[in-house]
Amino acid sequence: ESLVPDLTFVLDDLVRRAGARNAIVLSVDGVLMAADSAFGKDDAEHLAAVAAGVQSLAKGAAARFGGDAVKQTLVEMTSANLLVCTAGPGACLAVLAGTGADTDVGAIAYQMQMMVAEVAEFVTSPPRPAADGEDPA
């Protein structure tokens with residue numbers, strides 16, 4: 001199981017340009033697809049699971065309350081921000097950023113959208129087949 005090296009380079013560039021801490025690409029079901037080179041694998045895998053859950057909750061709320069498609073999800077914490085957006089069919093981009101005066105969440109969101117526009121056609125995570133007795137939806 002290896003991470004995608006081409007995306008690692010792109011994620012490193014995103015982290016640098018956006019002034020973020022870390023960035024990952026994940027499948028919608030929480031499987032880590034790529035991470036920036038400074039992010040430890042265990043932490044990146046944990047963030048992938050968290051980001052998938054957050055994005056799933058946002059999609060559920062949008063469906064229930066007529067919000068249409070979820071464009072981006074932001075979790076604002078005391079000392080960190082987590083931004084998650086769709087990055088291609090079955091994939092998401094998650095960025096972990098600080099909260100200091102030098103952190104511009106709007107600029108980070110913009111850089112995320114620019115990256116997605118560049119790589120969305122290459123970032124695809126096909127749906128995994130359902131296990132016996134499991135609901136595929």
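Modeller: Let us begin with a definition: a salt bridge is a side-chain nitrogen of Lys or Arg within 4 Å of a carboxyl oxygen of Asp or Glu. Please note that this is a predicted model, in which local features need pLDDT of at least 70 and side-chain atom pairs count only at pLDDT 80 or more, while totals for chains, interfaces and linings use all residues. Residues are numbered from 1 along each chain as its sequence is written, and side-chain values use heavy atoms, with hydrogens and water left out.

Colleague: How many salt bridges does the structure hold?

Modeller: In general, side chains of opposite charge can pair when their charged atoms come close. This structure holds three salt bridges. In one of them, Asp13 pairs with Arg16, and the closest N and O atoms are 2.4 Å apart. Asp13 also meets Arg17 in a salt bridge, at 2.9 Å from N to O. Lys41 and Glu45 form a salt bridge at 3.8 Å, N to O.

Colleague: Where do Lys41 and Glu45 lie?

Modeller: Helices (H or I, at least four residues) and strands (E, at least two) are DSSP runs, numbered from the N terminus. Lys41 and Glu45 both lie in helix α2 (residues 41-65), four residues apart, which is about one turn of the helix. Through shared partners, salt bridges join Asp13, Arg16 and Arg17 into one network. Asp13 and Arg16 are three residues apart in helix α1 (residues 5-18), so about one helical turn separates them. Asp13 and Arg17, four residues apart in helix α1, are likewise separated by about one helical turn.

Colleague: Is Arg16 buried or exposed?

Modeller: Buried means under 20% relative accessible area, exposed over 50%, and partly exposed in between (1.4 Å probe, protein chains only). Arg16 counts as exposed, at 57% relative accessibility. Asp13 is partly exposed at 23%, and Arg17 is partly exposed at 30%.

Colleague: Which elements make up the protein chain, in order from the N terminus?

Modeller: The protein chain has three helices and five strands. From the N terminus on, the elements run α-β-β-α-β-β-β-α. Of the 137 residues in the protein chain, 42% are buried.

Colleague: In what order do the strands form the sheet?

Modeller: Two strands pair if DSSP finds at least two bridges between them. Here five strands form an open sheet in the order β2-β1-β5-β4-β3, with antiparallel pairing. Strands β2 and β3 are the edge strands, each pairing on one side only. The antiparallel pairing of β1 and β2 has three bridges, and Ile24 has Ala35 in β2 as its bridge partner.

Colleague: How does strand β4 pair with β3 and β5?

Modeller: Strand β3 (residues 72-76) pairs with β4 in the antiparallel sense over five bridges, and a hairpin of four residues joins β3 to β4. The bridge partner of Gln72 in β4 is Cys85. With strand β5 (residues 91-97), β4 pairs in the antiparallel sense over seven bridges. Leu82 stands opposite Leu96 in β5. The hairpin of β4 and β5 has two residues between the strands, and Gly90 in the turn has a positive phi of about 75 degrees.

Colleague: Why is strand β4 described as largely enclosed by the rest of the structure?

Modeller: Strand β4 (residues 81-88) is largely enclosed because seven of its eight residues are buried.

Colleague: Which residues touch the most other members of the largest nonpolar core?

Modeller: A nonpolar core is a set of buried Ala, Val, Leu, Ile, Met, Phe, Trp, Tyr and Cys residues joined through side-chain atoms within 4.5 Å. In the largest nonpolar core, of 25 residues, Leu11, Leu14, Val25, Leu93, Val95, Met115 and Val123 touch the most other members. The elements giving two or more residues to this core are α1, β1 (22-27), β2 (32-35), β4, β5 and α3 (105-119). A second, separate core of 16 residues includes Ala44, Ala52, Ala80 and Leu82.

Colleague: With which residues is Val95 in contact, leaving aside its neighbours within four places in sequence?

Modeller: Contact means heavy atoms within 4.5 Å. With those neighbours set aside, the contacts of Val95 include Leu14, Ala20, Ile108 and Met112.
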